[in-house]
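Subject: Handover of a model and notes on it

Dear colleague,

I am handing over the structure below, followed by notes on what was found in it. Please read the notes with the structure open.

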Amino acid sequence: MEKRRLIKPAIIYGVVWLACLVLYWGSLATGELGGGGIMGYVILALYIALPIAGIVSAFLIGRMADLGWWRLAALIAIAVLYVLHTVATFSLSNALGFTNIAPADLAVFMYGLIPAAIGLAVGCATAK
């Protein structure tokens, strides 16, 4: 029964992750992502949408007390997906010669890990 409860957090983060990816490549293809557009995208996707989705997903997973220590796997998964998003957008568009944006590094992993850790901690604290 608990595995079924993991579907909702996975869908929440997955949909937001995919929407941000489509927004990036769609905006890049239409030319809307020049100059200030990239900064707007970074603020919207990397500083608002993905961290909030990470907090919500980790919170929901944290509320599943019977998962025990396995709940910590959510932190790593969310942080890795955050890095993967940066690689699938900025690093890939750099490699293809479309943009010249800073590559992903350990700091990007931490930007994904910290909101997820907050959500998981609150979820664990409020677990039944």
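Does tyrosine 24 count as buried or exposed, and what is its relative accessibility? At 0% relative accessibility, tyrosine 24 counts as buried, where buried means under 20% relative accessible area, exposed means over 50%, and partly exposed lies in between, with a 1.4 Å probe and protein chains only.

Before going further, a word on the basis of these notes. This is a predicted model, in which local features need pLDDT of at least 70 and side-chain atom pairs count only at pLDDT 80 or more, whereas totals for chains, interfaces and linings use all residues. Residues are numbered from 1 along each chain as its sequence is written, and side-chain values use heavy atoms, with hydrogens and water left out.

Overall architecture

The chain holds five helices and zero strands, these elements being DSSP runs numbered from the N terminus (H or I of at least four residues for helices, E of at least two for strands). Along the sequence the pattern reads α-α-α-α-α, and the C-alpha atoms fill a box of roughly 50 × 25 × 20 Å along the principal axes. Of the 128 residues of the chain, 38% count as buried.

Aromatic pairs

The structure holds six aromatic pairs; rings of Phe, Tyr and Trp (its six-membered ring) pair if their centres lie within 6.5 Å, and planes under 30 degrees apart count as stacked, over 60 as edge-to-face and the rest as tilted. One of these pairs joins tyrosine 24 and phenylalanine 90 in an edge-to-face arrangement, at 5.3 Å centre to centre and 85 degrees between the planes. This pair links distant parts of the chain, since tyrosine 24 sits in helix α2 (residues 7–30) and phenylalanine 90 in helix α4 (residues 72–95), 66 residues apart. Phenylalanine 90 also counts as buried, at 3% relative accessibility.

Tryptophan 25 and phenylalanine 98 have ring centres 6.4 Å apart and planes at 75 degrees, so this pair too is edge-to-face. Because tryptophan 25 lies in helix α2 and phenylalanine 98 in the loop between α4 and α5 (106–125), the pair ties together parts that are 73 residues apart in sequence. Tryptophan 25 is partly exposed at 24% relative accessibility, while phenylalanine 98 is exposed, with a relative accessible area of 53%. Tyr24, Trp25, Tyr41, Phe90 and Phe98 form one aromatic cluster.

Helix α2

The 24 residues of α2 should span 34 Å at 1.5 Å a residue, and its end C-alpha atoms are 34 Å apart, which agrees; the expected span is 1.5 Å times one less than the number of residues. The buried residues of α2 are Pro9, Tyr13, Trp17, Cys20, Leu21, Tyr24, Ser27 and Leu28. Isoleucine 7 also lies in α2 but is partly exposed, with a relative accessible area of 48%. The C-alpha atoms of isoleucine 7 and serine 57 are 10.0 Å apart in space, although the two residues are 50 residues apart in sequence. Just after α2, glycine 31 takes a positive phi of about 85 degrees.

For α3, the 27 residues should span 39 Å at 1.5 Å a residue, and the end C-alpha atoms are 37 Å apart, which agrees. This helix has a kink of about 25 degrees centred on alanine 45, the bend at a residue being the angle between axes fitted to the seven residues ending there and the seven starting there.

On the surface, Met39, Ile43, Tyr47, Ile48, Ile52, Val56 and Tyr111 form a nonpolar patch with about 680 Å² of accessible area together. Its largest share, six residues, comes from helix α3 (residues 36–62). Such patches are made of residues with over 30% relative accessible area and no salt bridge, with like charges joined within 9 Å and nonpolar side chains (Val, Leu, Ile, Met, Phe, Trp, Tyr) within 5 Å. Accessible areas come from the Shrake-Rupley method with a 1.4 Å probe, and for residues only the protein chains shown count as cover; a salt bridge is a side-chain nitrogen of Lys or Arg within 4 Å of a carboxyl oxygen of Asp or Glu.

Alanine 58 lies in α3 and counts as buried at 0% relative accessibility; its C-alpha atom is 5.0 Å from that of glycine 119, 61 residues away in sequence.

With best regards
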